[in-house]
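Please review the model shown below.

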Amino acid sequence: MTDRERAKEPEDLARLFVQYGNARDAEGLAELYAPDAVLGFPPGHETVGRAAIRGILEQMLAAAPRFELEEPLPTLRHADLALTSTKPADNTGGRVQVARRQPDGTWLRIIDRPELPR
């Protein structure tokens with residue numbers, strides 16, 4: 001991990017994703033995921049592990065998308081787990097993530113299922 005800002009709360013992950021995504025920082029995006037995280041992307045597939053997720057994120061960033069912070073839905077917490085989601089601005093089905101609190105108190109995504117416009 002680098003000295004980039006880390007998520008102090010699970011809700012910070014969405015903001016940091018937008019920040020690093022718009023900066024075209026694939027490494028920063030990948031650092032938002034646990035080493036053993038699962039990303040439900042590309043559609044119909046699972047990408048497992050931070051290194052593989054970074055590769056997918058690099059491909060995504062090559063298309064130069066613009067990320068917008070979306071309206072968060074209430075976070076559900078259970079011990080060191082949190083379910084976060086946002087109300088998609090692009091009218092897709094929804095974006096849902098599971099985050100886990102790390103030993104240092106920060107949060108990382110462990111499961112992420114993005115939705116893309118159809």
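The sections below go through these topics in turn.

## Basis

This is a predicted model: local features need pLDDT of at least 70, side-chain atom pairs count only at pLDDT 80 or more, and totals for chains, interfaces and linings use all residues. Residues are numbered from 1 along each chain as its sequence is written, and side-chain values use heavy atoms, with hydrogens and water left out.

Helix α1 covers residues 12–22. Helices (H or I, at least four residues) and strands (E, at least two) are DSSP runs, numbered from the N terminus. Buried here means under 20% relative accessible area, exposed means over 50%, and partly exposed lies in between (1.4 Å probe, protein chains only). In α1, the buried residues are Asp12, Leu13, Leu16, Phe17, Val18, Tyr20 and Gly21.

These buried residues pack against two helices, α2 (26–30) and α3 (50–62). They also pack against the strands β1 (33–39), β6 (95–101) and β7 (107–113). After α1 comes Arg24, with a positive phi near 60°.

## Salt bridges

A salt bridge is a side-chain nitrogen of Lys or Arg within 4 Å of a carboxyl oxygen of Asp or Glu. The whole structure has 14 of them. One joins Arg4 and Asp25, at 2.8 Å from N to O. Arg4 lies in the segment before α1 and Asp25 in the loop between α1 and α2, so this pair ties together parts 21 residues apart in sequence. Arg4 is partly exposed at 23% relative accessibility. Asp25 is buried, at 18%. A salt-bridge network links Arg4, Asp25 and Glu31.

Arg54 and Glu27 form another salt bridge, with their closest N and O atoms 2.3 Å apart. Arg54 sits in helix α3 and Glu27 in helix α2, 27 residues apart, and the pair links distant parts of the chain. Arg54 is partly exposed at 32% relative accessible area. Glu27 is partly exposed at 24%. Glu70 and Arg95 also pair, at 2.8 Å between the closest N and O atoms. Glu70 is in the loop between α3 and β3 (71–72) and Arg95 is in strand β6, so the bridge ties together parts 25 residues apart in sequence. Both Glu70 and Arg95 are buried.

## The aromatic pair

Which kind of aromatic pair do Phe17 and Phe67 form? Rings of Phe, Tyr and Trp (its six-membered ring) pair if their centres lie within 6.5 Å; planes under 30 degrees apart count as stacked, over 60 as edge-to-face and the rest as tilted. The structure holds one such pair. Phe17 and Phe67 are edge-to-face, with 5.5 Å centre to centre and 85° between the planes. Phe17 belongs to helix α1 and Phe67 to the loop between α3 and β3, 50 residues apart.

Thr84 is found in strand β5 (residues 81–87). Thr84 is buried, at 7% relative accessibility. Contact means heavy atoms within 4.5 Å. Leaving out residues up to four places away in sequence, Thr84 touches Pro10, Thr75, Arg95, Val96 and Gln97. The side chains of Thr84 and Gln97 also make a polar contact of 2.8 Å. A polar contact is a pair of N or O atoms within 3.5 Å; within protein, one must be able to donate a hydrogen and the other to accept it, and residues adjacent in sequence count only if both atoms are side-chain atoms.

Pro43 lies in the loop between β1 and β2 (47–48). Pro43 is exposed, with a relative accessible area of 57%.
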